[in-house]
Number of protein chains: 2
Amino acid sequence: MKKLVGACIFGQSGGPTSVINSSAAGVFAEALKQDCVTKVYGAAHGIKGMLNEEFYDMGQEDMKELLLLKNTPSSALGSVRYKLADYTKDPTDYERLLEVFKKYNIRYFFYNGGNDSMDTCNKVSKFMAQSGWECRVIGVPKTIDNDLYGTDHCPGFASAAKYIATTIKEINLDAKVYDTGMVTIIEAMGRNAGWLTASAALAGLDGNGADLIYLPEVPFSMEKFINDVKAVCAKNGNKCIAVVSEGIKFADGKYVSEATTSATDKFGHAQLGGLAARLADAVKEATGIKTRAIEFSLMQRCAAHLASKVDVEEAFKAGQKAVKLAVSGVTDKMVIFKRVMKNGKYTCVMEPMALELAANTEKTVPQNWIIKDGTYVSKEYIDYALPLIQGDSKAPLENGLPRFAKLKKVSGKINDKK
Amino acid sequence: MKKLVGACIFGQSGGPTSVINSSAAGVFAEALKQDCVTKVYGAAHGIKGMLNEEFYDMGQEDMKELLLLKNTPSSALGSVRYKLADYTKDPTDYERLLEVFKKYNIRYFFYNGGNDSMDTCNKVSKFMAQSGWECRVIGVPKTIDNDLYGTDHCPGFASAAKYIATTIKEINLDAKVYDTGMVTIIEAMGRNAGWLTASAALAGLDGNGADLIYLPEVPFSMEKFINDVKAVCAKNGNKCIAVVSEGIKFADGKYVSEATTSATDKFGHAQLGGLAARLADAVKEATGIKTRAIEFSLMQRCAAHLASKVDVEEAFKAGQKAVKLAVSGVTDKMVIFKRVMKNGKYTCVMEPMALELAANTEKTVPQNWIIKDGTYVSKEYIDYALPLIQGDSKAPLENGLPRFAKLKKVSGKINDKK
């Protein structure tokens, strides 16, 4: 096959994770090695930076700093939540993108994100194909929600799960330290999929985890919830730890958190939050027991100091794989992970899958993995998640604190006036 | 000096920390080595367990598990918030304690906690002395608030500070990831002293920390706060990270958080919390910029996976020192830390100080360390805190998660009926 010679551009999109920069490092390290890739651009704020010609020349960076990205949380290039229109209805953005791609001879497009970002990636791929501009498009998965279709799991999920499991083990010891009652309600992310919230069950492997786990896959009943908490309290000296997903909904489909906020983001998703405090209040009112509401907030997705080594390495390899696939002629695909268990030992194989299969899908936790009347997850979940959270991988310490990557961010923009 | 032969009892009291169990490990390891110590008891829930004859025979534990306590957060024996009465007014508890001490021939009393616990320790010490029961009493300091009088710093503070500084570095990257405005308000503990909240400044050593830091040592004005945030936003593209202490008060002495809760604990302290959400709402209303409230909640005091090695080791040595002092004849003292800087290198020396000096005191951050019109701390604070957060020390991993100590907790109670 003829080698496609030209520049590549990489963008980060959607909510950041502890390891999304590890995928960036994989893309950059691999792309900078490839002879057919003439320039490696990193877009500021994903697709928005591409439209605005705001991108960086990654070849100007020190490789040492690029590799520090492996352990640097959040999206180093800046992220974006920007929904591309249907190009049959409004081609403005697409035409602008094509203009930029032609100007910079961009022949490789790599996009790192979740469902919405794969929608963007898919639309760009289809438009470039029909426009006749040869450009290979590969999506790199990323989401702590772990809800992308077609892949065994998503980079970012395992590190967030490790944060949640570790932190709940610690909180379990703290919240039970007095000989008085205490109901602790913890809110975890994951939107409409319970994968991440379910990781609370990993904390319970030695018996010191959460008592109750509520996933969005099961309709939530306030009455049942209060009764569940009461039952645990009756057994455990009024001590109970309940973990709830931000995305739990009542049987009528309304988010339980919605009474506390009515804001929506640009994709029309309800903005979730404040749920733990609301449930804690309900428990206190119904039982009189002291409560504490804890929200893992941004920490669960940016605690790179607690990242899973498996996750960091897989995220890096997914970035490398995207470049290798594109250079070898593959396009219009997302990198997916396939799990291979050999003699009980976990390994992961990466393959391409059609982009449109990943775009805008939501993979949820199987109903038969949810047990104890909707308050816990089964051994299948543990077996699924446990291999993914193994090992530590963190930034080197400087002054006792993590030394994250410092990029020069040299503009890659061509100044037309010169 | 004649050796005092008898049993020792150790209790944990007040809010737990990441390293309070490291002090317990130090006490147990040292006491179990001493010939004159006939039994080593660990009290369940501090003074309450002593009054109720609920304590464990620590000699029955595996030394390996006792040493795992060094990296196990929270109070493994259970904690308590129990205020002893003035014994001249109500001697009930004291007489009961004396009865127990005589029954078990307890000649060494070690108590690990903060101001309130040192008050308990001081009262027990004075009562035993006047009652004629020879019992050596040594307090071991502990508090993330770092507000104990007479000691350079307190075990527990540095690990909480390291958690805050590390986490703010991570949050800083996450909260600034979009090209849209975002004001993040973070609430840290510390009660009426700003030591812990000030550790946010450590995150800013490489320029990626908090923009504004509010300590309880400076009267809080909502109007000034809003203006401070507006000024940062005007410079930084509507991005701002402000860290506030739970204990900030208005000029009239009222807690800023008080509008959100009116509960008080058993010592009559107001229970603080919900402050970040309240300030975030105020900022949103005044500026229209998106806000996020983050409460570090229990995590800041129980994140043992992020403990400072210096802190873990010092906490252990403080426990050992308490036993060594008591065995050598010292009583009625608390172990204090003195900082020694040699050729720019930090070391710490431990000495005894009269217990009554520590009881019920509150040491706050010096006013001249608070700069930028009450919104940041000076280099003196950085120089003070930085040596304390150095190095990592964490539990070994099992299943990718921390393996904490598992104690047998064999009852030490003598069954009178047998």
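## Overall build of chain A

Chain A of this predicted model contains 14 helices and 15 strands. The radius of gyration of chain A is 22 Å, close to the 22 Å that the globule rule gives for 418 residues, and chain A is therefore as compact as a globular protein of that length.

Among the contacts in chain A with a separation of 6 or more, 77% are accounted for by residues 24 or more positions apart.

## A hairpin in chain A

Strand S10 (residues 333-342) and strand S11 (residues 345-354) of chain A run antiparallel and are joined by ten bridges. Within this pairing, A:Ile336 stands opposite A:Glu351 of S11(A). The hairpin of S10(A) and S11(A) has two residues between the strands, and A:Asn343 takes a positive phi near 50° there.

## How the two copies are related

Chain A is superposed on chain B by a rotation of 180° with 0.0 Å of shift along its axis, at an RMSD of 0.0 Å. The two copies are thus related as by a two-fold rotation axis. The same surface serves both copies, since 98% of the contact residues of chain A recur in chain B.

Which residue of chain A comes closest to the rotation axis? That residue is A:Glu295, whose C-alpha lies at 3.8 Å from the axis.

Conventions: Residues numbered from 1 in each chain as written. Chains lettered and ligands numbered in written order. Predicted model: local features only at pLDDT ≥ 70, side-chain atom pairs only at ≥ 80, totals over all residues. Heavy atoms only, no water. Least-squares fit on C-alpha atoms with pLDDT ≥ 70 in both. Contact = heavy atoms within 4.5 Å. Pairing = 2+ DSSP bridges. Helix = DSSP H or I, 4+ residues; strand = E, 2+ residues; numbered from the N terminus. Rg over C-alpha atoms; globule rule 2.2 N^0.38 Å.
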